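Subject: Structure handover

Dear colleague,

Here is the structure for your files. My notes on its aromatic residues and one of its pockets follow below.

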Amino acid sequence: FQQLPEHGKLLLGASNMEIDTEAAVSASLLQNGMIQYQHDNSETRNDSFVVIASFQDSKTSKPLRVDIKVNPVNDESPLSINIRTLHVWLAHEKTLTSSDLLYTDKDTIPGNVRFILQDDSTLGKFISRRAGTGDEIKEFSQQDINDNDVVFVGNNRTGKNELLYRVTDGVEAHRQLRVLRVRVRQLSMSAVPNTPVRVEAGGRAPLSTLIVNLSRVDGDSSFVNDVVFTVLQRNASLRYGHLEMTGQHVSQFSYLDLVESRVLYVQSGEDQWPPNDMLLVSANATPEVLGVPVVRVQVLISYPAENGSLLHANEPLKVDEGRSSTVSPGEFQAGNLRARLAYDTGHSPDEFTILFSVMQQPAHGIFGFIGKESTGTLSEFRQVDIDANLIEYIHDGSELFQD
């Protein structure tokens with residue numbers, strides 16, 4: 001036997017011993033039907049083998065090709081079992097499994113059930129892990145899927161999310177195009193402030209513990225060194241200070257800058273209300289990772305007693321002669337006291353309720369709640385009463401200009 005069949009094998013006698021190219025059999029075995037051809041159950045319709053006849057090693061015939069015609073039995077189109085949407089991370093790989101795509105055929109092996117892609121996808125491409133070249137493939141078998149050899153690489157998260165294909169067993173094929181849906185998802189991360197930044201009035205504090213929880217939704221945090229933070233220029237952000245790195249104002253810094261304490265919040269030193277600040281930044285990494293639009297970081301500013309009063313009056317209360325005037329938050333605050341308490345305890349300034357006791361009543365007017373009969377004996381009020389503009393001073397109409 002000079003050449004054996006491609007889609008089957010030759011068997012010898014009742015023992016079913018497989019014949020190879022080294023075997024020599026007598027003509028009587030052929031005449032008595034002792035040589036059998038066994039098909040491999042593939043969808044091939046034709047096969048062949050080549051023999052040479054010899055006599056006493058002195059005479060040899062020319063090679064003779066024996067053609068075999070295979071009659072199909074119970075031939076059906078492959079039957080779909082699983083067709084599931086592929087979910088893949090952008091710039092990452094997804095191994096195709098039989099849970100994603102599975103067809104069976106009663107009369108053929110998985111290696112002969114083949115999928116033929118009909119169009120190109122802007123979302124990514126299929127590659128063969130076994131080939132190892134990264135080149136795109138347009139055709140693969142169910143056996144390739146079962147062996148975890150087919151990989152989809154997502155390279156774009158926009159575009160048509162349907163891949164059209166035909167499935168065939170080598171003989172029969174679905175006339176209609178089949179649809180495999182693909183969803184390429186962009187990775188996302190979270191950026192969470194750890195604790196408020198604490199700084200003395202006029203001082204500076206590193207942001208090394210500013211943001212400590214950077215994690216991607218798939219649990220991989222290896223990309224954190226690629227994260228860049230950008231300060232958002234909004235009215236509420238950095239009202240009483242600025243960020244510095246090596247003595248220079250900065251509006252952008254990296255995660256590594258934070259870890260190595262190179263980024264400093266520098267407080268202006270001005271006596272301001274409210275006694276805290278806020279830092280708004282966005283966080284972005286590599287293109288395949290969805291950034292965080294806004295991260296809000298609280299800055300607590302402490303005004304020590306030796307640097308100024310913990311009670312705070314910006315401007316004298318102004319009132320026309322014989323008239324009244326509301327005491328506004330901009331004119332009277334206990335902000336420094338709340339800031340000191342917040343700085344010492346780690347709580348938010350808003351968690352403290354400040355109660356004032358009136359130690360001396362005005363001599364030329366009345367201090368009380370708006371809309372109530374004031375007798376000049378208001379003894380207590382709270383900061384929230386000032387914040388809500390509930391307290392007023394009523395001048396007595398005298399010719400005195402101070403009280």
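Which residues do ring pairs link into a cluster? The cluster is made of Tyr103, Phe115, Phe126, Phe140, Phe152 and Tyr165. Please keep in mind that this is a predicted model.

Aromatic pairs

The structure has 10 aromatic pairs. In one of them, the ring centres of Phe1 and Phe49 are 6.0 Å apart and the planes meet at 50°, so this pair is tilted. Phe1 sits in the segment before strand S1 (8–12), whereas Phe49 belongs to strand S4 (residues 46–51); the pair thus links distant parts of the chain, 48 residues apart. Phe1 and Phe49 are both buried.

Another pair is Phe126 with Phe152: their ring centres lie 5.0 Å apart with the planes at 65°, so the pair is edge-to-face. Because Phe126 is in strand S13 (residues 124–128) and Phe152 is in strand S15 (residues 150–154), the pair ties together parts 26 residues apart in sequence. Phe126 and Phe152 are both buried, and both belong to the cluster named above.

Second largest pocket

The volume of the second largest pocket is about 430 Å³. Its lining consists of 16 residues, and those nearest the pocket centre are Val25, Leu30, Val51, Ile52 and Ala53. Helix H1 (27–31), S4 and strand S7 (64–69) are the elements that contribute two or more residues to this lining. Sorted by class, the lining residues of this pocket are 13 nonpolar and three polar, with no charged residues.

Regards

Conventions: Residues numbered from 1 in each chain as written. Predicted model: local features only at pLDDT ≥ 70, side-chain atom pairs only at ≥ 80, totals over all residues. Heavy atoms only, no water. Phe/Tyr/Trp six-rings, centres within 6.5 Å; stacked < 30°, edge-to-face > 60°. Helix = DSSP H or I, 4+ residues; strand = E, 2+ residues; numbered from the N terminus. Buried < 20%, exposed > 50% of the residue type's maximum accessible area, 1.4 Å probe, protein only. 1 Å grid on protein atoms, 1.4 Å probe; cavity = no way out; pocket = protein on both sides within 12 Å on 5 of 7 lines; lining within 4 Å. Points joined across faces, edges and corners; volume = space filled by probe spheres on them. Nonpolar A, V, L, I, M, F, W, Y, C, P; charged D, E, K, R; others polar.
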